[in-house]
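Student: Could you take me through one part of this model in detail? I would like to look closely at the surroundings of the ligand and at how they sit within the rest of the chain.

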Amino acid sequence: MSARQYTDQLQKLDTPFYFYDMQLLADTLAKAVAEAGKYGYKVHYALKANFDPRIVAAIRKAGLGVDCVSGNEVRLAIESGCLASEIVFAGVAKSDKEIRYALGQDIFSFNCESLQELEVINALAAETGRTARIALRINPDVDPRTHKHISTGQADSKFGISYTEINEAIRSLNRLPNIRIVGIHFHIGSQITDMEVFGNFCVKVNKIQQWFVEQGIELKHLNLGGGLGVGYNDPDGKPIPDFAGYFGIVNRTLETKPGQTVHFELGRSLVAQSGELVTRVLYTKQNAAGRQIALVDAGMTDLIRPALYQAHHKIESLTGQGPLQPYMVAGPVCESSDVFAKEALLPEVKRGDLLTIRTAGAYGSAMASRYNLRDLPRSVYSDEL
Ligand SMILES: Cc1ncc(COP(=O)(O)O)c(C=O)c1O
Ligand SMILES: N[C@@H](CCCC[NH3+])C(=O)O
């Protein structure tokens, strides 16, 4: 249930805060696990999307693995009780300290992002006589048809090993005894809503896999990363993303070898719709251009997506009533980009009204900062109200 169902309780609380619908979260995770399970696929939760302790506990309870991008994320996953054997570590620039820690935990796999990283992991693994399992993160040069700031798999990107370097990577594996290739990894971008993109991507993966077969390299795992998008415009229309369509198109297009396992690293699609940022209106005014402005107590420090990517989040009033009119909804931070919406349609807004910014469970609290020395946003959970 969305925050609206809890308005009476929420009105008594200090704002701003993230509200999490724990039932929707559990239902979303169960659906993802069930749909992936139909094909024996393994989903690793991309912890970067939200590392709130109750979210992580729900992830563990649902039986997902974890996808980490820093040593601290690997540590949090381990300390939260997630299995090391289900952790993938996919940072574009892993430090020696982070690699040593993950080696010590014997994680499932390192997703390696450069030729040099292969050498470094090999050297660090040799220090303690270990052999690290690795997957090559290959940049497949697929257009994800999403926002340019969240596209990761095109030719001119900092991510992954370019497909032109695969030959060299394979040659280097032969002289690096402390790493063992177990798979290939990809991640083409985030907030992808066009299923055809995933189909095209799988066709490319098939070609790349065929090349490995021709080199006599057996790949135990294929890791397709994450990227499944959610409906920011209409959060109530389809609160649970189309996991059936997503895993279905992969199943129809991806060519797997006997005994091979397929892995995913989903973040946004698992947690976005269960989170909302609830904020109180502090002031209203009109600017010289005639625009009505609602100044709220949440800012870009709590939810940076609109400022960073011009991302759209639906904004609703929990307490106002009447005909809708356009408002600029802006925060208190001293930056002109601290605006959640230029023209949110809301009933007449008054000081003290509660607004909710929807679809904020992914890359919301996780990207919060203390700029302007603001407090970090708190969390409120539906099952604790
Ligand atoms: C390597 C990798 N895996 C997984 C994810 C999770 O992506 P999403 O939240 O779009 O599912 C990301 C973030 O885009 C990523 O960079
Ligand atoms: N943080 C981004 C997505 C980046 C995902 C990480 N590769 C967002 O809010 O949409």
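Predicted model: local features only at pLDDT ≥ 70, side-chain atom pairs only at ≥ 80, totals over all residues.

The largest nonpolar core has 104 residues, and the members that touch the most others are Tyr45, Ile87, Phe89, Ile121 and Val329. Both domain 1 (22-270) and domain 2 (273-384) supply at least three residues to this core. As background, nonpolar side chains in soluble globular proteins tend to be buried together. Ile87 shows what such a neighbourhood looks like: beyond four places in sequence, its contacts are Gly65, Val66, Cys68, Val74, Ala77, Cys82, Ile107 and Phe108.

Now to the ligand. Ligand 1 is surrounded by 16 residues, with Ala46, Ser190, Gly226, Gly267 and Arg268 the closest. Strand β10 and helix α10 (268-271) are the elements that give two or more residues to this shell. Sorted by class, the shell holds eight polar, five nonpolar and three charged residues.

The UniProt record, an unreviewed entry, places a "binding site" feature at Gly227, Glu265, Leu266, Gly267, Arg268 and Tyr363. Let us look at two of these positions. Glu265 lies in strand β10, which spans residues 261-266. Glu265 counts as buried because 27 C-beta neighbours fall inside 10 Å, where the cut-off is 20 or more. Leaving out residues up to four places away in sequence, Glu265 touches His44, Ala46, Asp67, Val88, His187, Asn223, Gly225 and Gly226.

Leu266 is found in strand β10 too. With 26 C-beta neighbours inside 10 Å, Leu266 is therefore also classed as buried. Tyr45 brings us back to the core, where it is one of the residues touching the most other members.

Finally, the wider setting. The domain assignment divides the chain into domain 1 (22-270) and domain 2 (273-384), and their C-alpha centres are 32 Å apart. Their contact involves 21 residues from domain 1 and 17 residues from domain 2. On the domain 1 side, helix α2 (residues 22-37) gives the largest share, five residues. That side of domain 1 is made up of 10 nonpolar, seven polar and four charged residues.

Definitions and conventions
Residues numbered from 1 in each chain as written. Chains lettered and ligands numbered in written order. Core = buried A, V, L, I, M, F, W, Y, C linked by C-beta atoms within 7 Å. Buried ≥ 20, exposed ≤ 12 C-beta atoms within 10 Å, placed from the backbone. Domains from an automatic or database assignment. Contact = placed C-beta atoms within 7 Å. Helix = DSSP H or I, 4+ residues; strand = E, 2+ residues; numbered from the N terminus. Nonpolar A, V, L, I, M, F, W, Y, C, P; charged D, E, K, R; others polar. UniProt positions renumbered as here; feature names shortened; annotations may be inferred. Near = placed C-beta within 6 Å.
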